[in-house]
Amino acid sequence: MKNLFRWISLVALLLLTVQCQNPKRQSTDGATGNDTLVHHADLLSIIRHDTYTDVAITNPWDTTRLLHRYLLVPREAPLPDSLPQGTVVRTPLEKSLVYSSVHASALEMLGALDRIGGVCDLAYIKTPALLERAQAGRLVDAGNSTSPDIERVMELSPDAILLSPFENAGYGRIGKMGIPIVECADYLETSPLGRAEWIKLLGLLYGKETEADSLFTQIEQRYNRLKEQVEHTGSAPMVISELKSGSAWYMPGGKSYMARIFADAGGSYPWSDNGESGSIPLAFETVFNRAGEADIWLIKSFNVGQLSYKALQKEYAPYARFKAFREHNIYGCNTAACNYYEETPFRPDLLLQELAALFHPDRFPDYQLRYFQPLSE
């Protein structure tokens, strides 16, 4: 079970850190739109036209190509006589199937939970309102996201399916049902604000555009204010993260989402010169040689609540050689007990605040830690 929990945490870490390389904004068919709604995201383009909204998603694995184009047309409006090639989605969505707890949490932020008719991987859903609906039989449990229950999906008959795309992964029978599949590639964005900006797409899909724009503006302003607060602190503590898993220690690449937010929080990251945007597997000795004197060590785990300095040393004695261990500057995030993975993708300001307070406690003396806690003895 312990290995399973670690595997789950590792997959979640990869979802947060894996990135595309040098993505470029995808152009549309050349038609002139009235407004461009996206400014931070590299994989998402939203252009409003008079009778429809053009949503273009760049292929994260081949940025010269489109992954998908969606043409959002108001539900009550007639279809325009001429539309570019793409998947027509009638909005607002009224009864969707949502694969990821991350997107379910974002929809909760927008006040659109009632538009979720079904979910996959119910065991990982933490949203109380959805759990209550599931218990009352008013939410369809479509089973495992890797192999959804087709009969339950047919019973739900959703007006769209929201999921996270993976390279070279098809959608099997789900993809042949004629239901629009919205490929939410937000987890492949390279910057915290870039990923958070995908909430604008959710706002358009669910008729919550005003709420999404307002929320993102608040997030953007708060993120930038926090970043400015730590830009001239005069100190930049070195930070490392996670643990070795088997023979490899997966560290965020230097161009990854996590490396970016470490820097924005005023930290120094030992692999900032690395050109990878995903996680990089390193030998223990490599980590120790470069980062043995790191000041702060952050560990996320599904069962970190049971983790202590004693347990850490018992698991792998050489961990005790790190400065952060010797000086007791290790912080654990129990992802089973807090909403780290559910909240931070669309609220990077909350994670930035947490890290800034950990890296520069003198600047935020009254801050109460939300995700990470000091390890016990």
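**Salt bridges, a strand and a helix**

Student: Is Lys 323 buried or exposed?

Tutor: Lys 323 is buried, as its relative accessible area is 18%; here buried means under 20% relative accessible area, exposed means over 50%, and partly exposed lies in between, with a 1.4 Å probe and protein chains only. This is a predicted model, in which local features need pLDDT of at least 70 and side-chain atom pairs count only at pLDDT 80 or more, while totals for chains, interfaces and linings use all residues. Residues are numbered from 1 along each chain as its sequence is written, and side-chain values use heavy atoms, with hydrogens and water left out.

Student: Which residue forms a salt bridge with Lys 323?

Tutor: Asp 295 does, with the closest N and O atoms 2.8 Å apart; a salt bridge is counted when a side-chain nitrogen of Lys or Arg is within 4 Å of a carboxyl oxygen of Asp or Glu. This pair links distant parts of the chain, since Lys 323 belongs to helix α11 and Asp 295 to the loop between α9 and β15, 28 residues apart. Helices (H or I, at least four residues) and strands (E, at least two) are DSSP runs numbered from the N terminus. Asp 295 is partly exposed, at 25% relative accessible area.

Student: How many salt bridges does that rule give?

Tutor: The count comes to 18 salt bridges. One of them joins Lys 126 to Glu 342, whose closest N and O atoms are 3.9 Å apart. That pair also links distant parts of the chain, with Lys 126 in the loop between β7 and α3 and Glu 342 in helix α12, 216 residues apart. Lys 126 is partly exposed at 27% relative accessibility, whereas Glu 342 is buried at 8%.

Student: And where does Asp 273 come in?

Tutor: Asp 273 forms a salt bridge with Arg 290, and their closest N and O atoms are 3.2 Å apart. Asp 273 sits in the loop between α8 (257-264) and β14 (279-282), and Arg 290 in helix α9 (residues 284-291), 17 residues apart. Asp 273 is exposed at 60% relative accessibility, while Arg 290 is partly exposed at 40%. Separately, Arg 75, Glu 94 and Asp 159 are linked in a network of salt bridges.

Student: Changing topic, why is β15 described as largely enclosed by the rest of the structure?

Tutor: Because six of the six residues of strand β15 (residues 296-301) are buried. Ile 296, Leu 298 and Lys 300 point one way from the strand, Trp 297, Ile 299 and Ser 301 point the other way, and all are buried.

Student: Which strands lie alongside β15?

Tutor: Strand β11 (residues 239-241) is joined to β15 by three bridges and runs parallel to it, and β15 pairs with β16 in the parallel sense over five bridges, where pairing requires that DSSP finds at least two bridges between two strands.

Student: What about α2, then: how many of its residues are buried?

Tutor: Seven of the nine residues of helix α2 (residues 101-109) are buried, which leaves the helix mostly covered. The buried ones are Ser 101, Val 102, His 103, Ala 104, Ser 105, Ala 106 and Leu 107. What covers them includes β6, β7 (116-119), α3 (128-135), α5 (192-196), α6 (199-205) and α12 (340-343), contact being heavy atoms within 4.5 Å.

Student: And what is found at the ends of α2?

Tutor: Ser 100 caps the N-terminal end, with a side-chain oxygen 3.0 Å from the backbone nitrogen of Val 102. The helix is followed by Gly 111, whose phi is positive, near 70°.

Student: Which residues other than glycine have a positive phi?

Tutor: Among them are Asn 168, with phi near 60°, and His 328, with phi near 55°. Most residues other than glycine have a negative phi, and most peptide bonds are trans.

Key
A polar contact is a pair of N or O atoms within 3.5 Å; within protein, one must be able to donate a hydrogen and the other to accept it, and residues adjacent in sequence count only if both atoms are side-chain atoms.
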